[in-house]
Amino acid sequence: LLRSRRAMDLDEILPDVGEFGAYQQLLLYFVLLPAVLPCAFHAYSQLFMAARPEHWCRVPALEHLDTTVVKNLSIPVVWRDGTPLYSHCLMYNNHSTSRGVDNASTMPCVYGWTFDHTKYATTVVTEWDLVCQKDYYSTLALVLLGVGGLIGNYIFGYLQDSVGRMPSFFIYLAIECFFGIASAFAQDYVTWTVTRVGVGFTVPAILATPYVLAIELVGPSRRTLVVILSNIAYSLGLVALSAVVYLVRDWRQLALATTVPFLSFFLYWWVLPESPRWLLARGRFEEAEKILKKMARVNGKSLPANYMVQLKRRFQVEHYMQRRKLEAAKTRQYGVLDLFRTPNMRRKTLIITFIWFTNTSVYVGLSYYAPALGGDEFLNFFLASAVELPTYIVLWPAMEYWGRRWILCICMVVGGLACLATFLSQTNATWTLVLYCVGKMGISSSYVVLPLMASELYPTVVRGLGMSTSGVVGMLGPVFIPLVNYMGEDMLVLPLIVMGALLVAGGGCSLLLPETANMHLPQSLEDGENFGKEWLTCCHKKVGIITLDEEIPKNLADESPIKSLLTVTMKDTPASTPVVTDATSSTDVTSESVLSSTNHEQMMRVTVV
C-alpha cells in the first residue's frame, strides 16, 4: 500500500527484472569496476613523475673522479633529523684533491646539479633542475592538480546530472586521456603543469560515474556489496599503480603508461548503459524501457505481455500529476542557506563538513606522503595501498553491529593516534612505517563510513545539496595538504603529526552527531532539525521496523503496484482532472475520484482496461 502511493521508483521494478542478476554482475565486474582505475592512476602517478632523487652540486673539474670522492672533496655535510647528510644546495668554494682551510667557506651550486639515477632514469625534477630555489615547483604542481580537481568536481557534477551518467564518463575519459598523453610531450615546466591541471579537472569526476551507476543499477539489498567492491577496486588500482611506477622509471614513459591503456575504455561505449533510474527521473521512459527489457532478458526474467504497457501507464499518470503539482504549488527551491537556518541542522552541517575536510585531507595527504617516508618509496606506496584492503572485510559487519557513529570515531581516532605516535619513533624508520600504515587503515575505513552517514543525516529535500557542499569543502584538502608535506622536508614526521591531530579532532566531533543506523531517514527540513537532538545519548532505539496502529487489508498489502491496479494519491485534485492517455496505444485509462472519509484526501484510481 505504501509503495503504491508514492512516485514510481526503480527499486519497485528491479525485483521483476532482476536486482543483481547476470546483467548487473557482468557490467560490474567487466565495466564499472575497471572504470575506477583511471582515477587511481592519475591521482597519484604525478608523485613519481616529479620524484626528487638524491642530488648534489655539480663540479666539472672533479667529474673524472669517483662519486664518493667528489662528495668528500666538494660537498659540505649538514645535519637533518640528527643524521649527517651531504648538502643538496651548497658546495665548497675551493675544491681540490685534498681539503684545505679554505674549504670551510661554501657557496651555492653554480654549475648545476648531479642526480643519482639509481632509482629513476628521469623525472621532471632532474630534467628541469627543480631543486634548491626551485624545490617548491613540484609541490606547486600538486597544489594546482588539487585546484583543478576542486573546479572540475563542481563543474562536472552538473554535467553528470544534466546529460547523463554514460555520456559524462566518456567526456571525462576523453579530457583525461588528452591531457595525460599531452603531459608526456611537455617541453617545459609550465606546459607540463598546465597539462596536469587538465588531468586534475577530471580526477574526482571520472570516479563518480562508475560509483553512481553501480549503485543505481542494483537493488537496495545489494548496494552495500557494490560500494565495498568499488572501494576494493580503487585500492587494487593503487596497488597496480605501485607495480607500474616500479617498472617504469622514466617520467615521460610513465605518463603514457598510466594513460594510453585507458583509451581501450572507449570500447565501453557499446556496452555501458545509461542509468535507467536517471532516465525515469528525466521523463525518458522509452529509453529506460529498452534497458529494462534487456536487463530482464539477460537476467532470465520473463515479464507479462502487458508489463511495459502497465508500467508506461503509471509513468505517464505520475509524470503528469507531478507536473501539475509543481505548477500549482510552485514547489519551494532549496539552497545552501537552508543547511544553516536552524541550530541543529547548522550544527550537523558544520560537523559533517569539517569531518569531510579532515578525511579528504588526511587520505590524500597520507597517500602523497608514502614516497617521502624514507627507505624504498615504491614499497612504501605499495604498503600504503595494500593496507586498505583488509579494512573492507570487517568494516560493514562492524557498522551493522555498532552503528555508524562509533565506527567512524574509532577509525579516525585510532588512525590519528598512530600518526601522532610517529613523533616518538621518528628515529626508527620501521616503526614509523608501521604506524603510518595503521593511520592509513584508519583513514581508509572512515572514508567509507562518512559518505554513508552523511547521506543518512541530511534530509531528503537537501541531501544532494548537503553532500555536494561538504564534498566541495573537502576538496580543499588536496589543495593545501601538499604544502604540509613540503614542510616535512625539515622534520620528517611533522606532516604526520598535523594529519594525526586533524584525525583525532574529526573523530571527537563525530560523537557530536546522532546515530543513523536503523533510523528513519529525515525527509523535510523540519525532520532534519528534529533528528538527533538527543545526540548526547550513546545508544538510540532502533526504529527501522514500522508498526502501524491500524491493520492493513491483506488484499492491499499484497497488491503489486505494477502488475495490477495503480493507485496515485493527489491532494485537492478536481474530479474532472484529465488523465494522460496514449493515442497510439489500444489501452485506455479511466479514472474516478473517491473521497476518503478519514483524511478528506482525494484518491485517483487508475485502472488499465
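Student: Which residues of H21 are buried?

Tutor: In this predicted model, the buried ones in H21 are Pro495, Leu496, Met499, Gly500, Leu502, Leu503, Gly506, Gly507 and Ser510.

Student: How do you know which side of H21 they sit on?

Tutor: Look at the arc around the axis: they cover only 160°, so they lie on the same side of H21. There's a general rule behind that sort of pattern: an α-helix has 3.6 residues a turn, so residues three or four places apart point the same way.

Student: And what covers the buried residues of H21?

Tutor: The cover includes helix H14 (343-369), helix H17 (404-421), helix H18 (429-457) and helix H20 (477-487).

Student: How does the reach of H21 compare with what's expected at 1.5 Å a residue?

Tutor: H21 runs over residues 494-510, which is 17 residues. From first C-alpha to last it reaches 25 Å, close to the expected 24 Å.

Student: Next up, Trp396. What makes it count as buried or exposed?

Tutor: The cut-off for buried is under 20% relative accessible area. Trp396 comes in at 8%, so it counts as buried. Trp396 belongs to helix H16 (residues 388-402). Leaving out residues up to four places away in sequence, Trp396 touches Thr224, Val227, Ile228, Val448 and Leu452.

Student: What about the loop between H5 and H6: why is Cys132 called buried or exposed there?

Tutor: Same test. Cys132 sits in that loop, and its relative accessibility is 11%, under the 20% limit, so it counts as buried. Asp129 is also found in the loop between helix H5 (124-128) and helix H6 (137-163). Asp129 has 29% relative accessibility, which falls between 20% and 50%, so it counts as partly exposed.

Student: Last one: what makes up the lining of the second largest cavity?

Tutor: The lining divides into 7 nonpolar, 2 polar and 2 charged residues. Among the lining residues are Phe48, Tyr120, Val245, Trp251 and Phe378, along with Thr122, Thr123, Arg249 and Asp250. Arg and Asp count as charged, so Arg249 and Asp250 go in that group. The space inside is about 40 Å³, which clears the 30 Å³ limit used in the search of the whole structure, where 3 cavities turned up.

Definitions and conventions
Residues numbered from 1 in each chain as written. Predicted model: local features only at pLDDT ≥ 70, side-chain atom pairs only at ≥ 80, totals over all residues. Heavy atoms only, no water. 1 Å grid on protein atoms, 1.4 Å probe; cavity = no way out; pocket = protein on both sides within 12 Å on 5 of 7 lines; lining within 4 Å. Points joined across faces, edges and corners; volume = space filled by probe spheres on them. Helix = DSSP H or I, 4+ residues; strand = E, 2+ residues; numbered from the N terminus. Expected span 1.5 Å × (residues − 1). Buried < 20%, exposed > 50% of the residue type's maximum accessible area, 1.4 Å probe, protein only. Arc of directions from axis to C-beta. Contact = heavy atoms within 4.5 Å.
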